[in-house]
Amino acid sequence: MLGLNKSASKPPEETDAKRVQFNSRLLPYLFLAPQMAIIFIFFYWPSVQAIHSSFYLEDPFGFGSTFVGLANYTDVLKSGEYLGIARFTAVFTALVTFFSLAIGLLLAVKADGVIRGNATYKTLLIWVYAIAPPVAGLMGMMMFDQHIGPLVKVAAFFGWDMKVGLNYNDTAFAMIVVSVWKQIPYNFIFFLSGLQGIPVSVREAALMDCRSGFRRFWTVILPLLAPTAFFLLIINTTYALFDTFGVIDVMVKDKAANNPITLVYKVYMDGFRGNDLGGSSAQSVILMIIVFVLTIFQFRFIERRVHYN
Amino acid sequence: MAAINITNVSKIYAGGVEAVKSVSIDIEDGEFIVLVGPSGCGKSTLLRMVAGLEAISKGTVEIGDRVINDVEPAERDIAMVFQNYALYPHMTVYNNLAYGLKNRGTPKAEIDARVAEAARMLEIEQYLTRKPRALSGGQRQRVAMGRAIVRKPAAFLFDEPLSNLDAKLRVSMRGEIKQLQKRLGTTSLYVTHDQLEAMTLADRLVVLNGGQIEQIGRPLDVYHTPASTFVASFIGSPAMNLLRGTREGNQLHFGSQVLDVGRAAAFPGPITVGIRAEDLRIANTGEQALTLKVEYIEELGAQRLVHGTVDGKKLTASLSPEIGIGETLSLSIAPERLHFFDADTGKRLAQPSAASDGKRVEMLAIAEA
């Protein structure tokens, strides 16, 4: 009907029994076209644009641009401010990724063990995921508000005079807490479905082979969750690097300049607030390279240890 | 090595469903017990209660002289073989075997020795470094067996271990399990729905129905002296013919047809009569006989199964292939080969000496709930 023809003539030994053959050579490209168009328009084209403009000094009012070679890059990399933000981004990403994965996993393991009323638990835990990042940021701000924030009051009870928006470390703390909180439900869903994908009989076999629940978790459950965990590691790293933009924006906007921000927010600040399109482009190219290297590293060195069933 | 005593064990689920109803089985040291019954009869639940994978609602289970109701599964000194093997997919065969020993703090040299021994016994030595996914179904089953053997437990529990194998492999693995168990002398509890597997493996069979024991006994005793119509129809292939009839004097009436049973009636009135297909033979001329209206024939090679009706009721006879078959057959049966069951309860009524080989048949203990 669509010009598809399942290759029934192939003997079953030839592994790929599902391979589909096309009658027309153009058809596969036609099917691929929408996806390719999206990738091209939203990824390759902007990337090329960014790389291009990173070599130019753009006039803030749009009256032409001047070629400056690598000056934008050297300016950025020499800037102490930029390196400080890069350092904060690394710490922020590591902490957000670690805590959102760890807490998501912990909750999933516990929810998986609940027998009575587990649907309620799961719904309550997944709920948070439906909140849009800026709203989460806003809610986070209110939790950490100087006057009405309950978390500030709790901190005050322990003698911690928390000043989110004024104190660098306090703001960083609040940003990490809100970002982690926002991402937990996502990780929870995936870990839970991963746990439920582990055959019951394998768990039971482990129950007979190993007395300690803790040890069972590390030696049987976690290795079988590794594919899920690896996927989430990549997703969460990307989340912490890029998707926390909304949270950060709400938390630091209109605040004194001494607030912690991440690299992606710096790109936005320099590009759209500072009108330094060249410098901003250079930064986004650097960011692109960082993500690229990080992903390759993860696939090369971590995925090797992952067992796919 | 240990005896297992299951005493008045019940499983009651939330909501009041009683899956196992006060079951008692005493398993001797080294004995091979097979729990057999249709799906939903509670056989797996019973096994899982012994394993510790299900809580015991009532009653006690003892392994050795220790009540293990509240003992962790890993500390019950048992090993289980699962239907779908339940191998750890991320571990090599060696580690699958060694895992339980490592967790018990067994010294490395001892682990190596035991794994090597089990691997040799099961002929899986060349696969020790492979992962389970690189093995065939039969090889995986051997690994699952090996995992149980290396632990040297007091008892083996088997939960339909052969159901996932193809028919040919199932027969050969069946033989191997039997031999292995005899060699190791480990007490074994084996669950299956396959009556043939049960007959061939068991030292003693436990036939379960609706959470209750219908009969416990040696395979041949159960076959020749079924305690109820349920056991009669479940054990043996083809299933025992069960015909409703009426007993009057020393005659049995099946509608219009009459069969002489020789002796005087001990229990007159309506009755269920059991007839094994292989006990039927062609009647001699002039002999009183049942007339079978032949419907179809199944050729099995060594014998042929003739399916038909006697006075509208289904009956199967197993006859030699040499006998020519027309539209009807006159069939006769030695009176002592007949089985009598209560028409209402289905319980066996008398114990005619029915053993075909002339062996003495004991009165069988019928465990009443």
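Me: Which residues of H2(B) are buried?

Reply: A residue is buried if 20 or more other C-beta atoms lie within 10 Å of its own, exposed if 12 or fewer, and partly exposed in between, with C-beta atoms placed from the backbone. Helices (H or I, at least four residues) and strands (E, at least two) are DSSP runs, numbered from the N terminus. In H2(B), the buried residues are Val93(B), Tyr94(B), Asn96(B), Leu97(B), Ala98(B), Tyr99(B), Gly100(B) and Leu101(B). That is eight of eleven, and H2(B) is mostly covered. After H2(B) comes Gly105(B), with a positive phi near 75 degrees.

Me: How are the numbers and letters assigned, and what kind of model is this?

Reply: Residues are numbered from 1 along each chain as its sequence is written, and chains are lettered from A and ligands numbered from 1 in the order in which they are written. The model is predicted: local features need pLDDT of at least 70, side-chain atom pairs count only at pLDDT 80 or more, and totals for chains, interfaces and linings use all residues.

Me: What do the buried residues of H2(B) pack against?

Reply: Two residues are in contact if their C-beta atoms, placed from the backbone, lie within 7 Å. The buried residues of H2(B) pack against H3 and H4 of chain B, and also against helix H8 (200–209) of chain A.

Me: How many residues does each chain give to the contact?

Reply: Chain B gives 17 residues and chain A gives 16 residues. On the side of chain B that touches chain A, strand S6 (78–81) and helix H2 (93–103) are the elements with two or more residues. H2(B) gives the most, three residues. This side of chain B has eleven nonpolar, four polar and two charged residues; Ala, Val, Leu, Ile, Met, Phe, Trp, Tyr, Cys and Pro count as nonpolar, Asp, Glu, Lys and Arg as charged, and the others, Gly among them, as polar.

Me: Why is H4(B) described as largely enclosed?

Reply: Eleven of the 14 residues of H4(B) are buried, so the rest of the structure largely encloses this helix. Charged residues are among the buried ones, including Arg140(B), Arg142(B) and Arg147(B). The buried residues of H4(B) pack against S6, H2, helix H3 (108–122), strand S7 (155–159) and helix H5 (167–184) of chain B. Just after H4(B), Lys152(B) has a positive phi of about 45 degrees.

Me: How do S9(B) and S10(B) pair?

Reply: Two strands pair if DSSP finds at least two bridges between them. Strand S9 (residues 204–209) and S10(B) run antiparallel and are joined by five bridges. Val206(B) has Ile216(B) as its bridge partner in S10(B). The two strands form a hairpin with two residues between them, and Gly210(B) in the turn has a positive phi of about 55 degrees. In strand S10 (residues 212–217), five of six residues are buried.

Me: What does Val34(B) touch?

Reply: Leaving out residues up to four places away in sequence, Val34(B) touches Tyr190(B), Thr192(B), Ala198(B), Leu201(B), Ala202(B), Leu205(B) and Val206(B).

Me: Where is the pLDDT of chain B below 50?

Reply: pLDDT is the predictor's confidence in each residue, from 0 to 100. Chain B averages 87, and 93% of its residues score at least 70. Over residues 352–369 of chain B the pLDDT is below 50. Where pLDDT is low, the predicted coordinates should not be read in detail. The model as such scores ipTM 0.82 and pTM 0.78.
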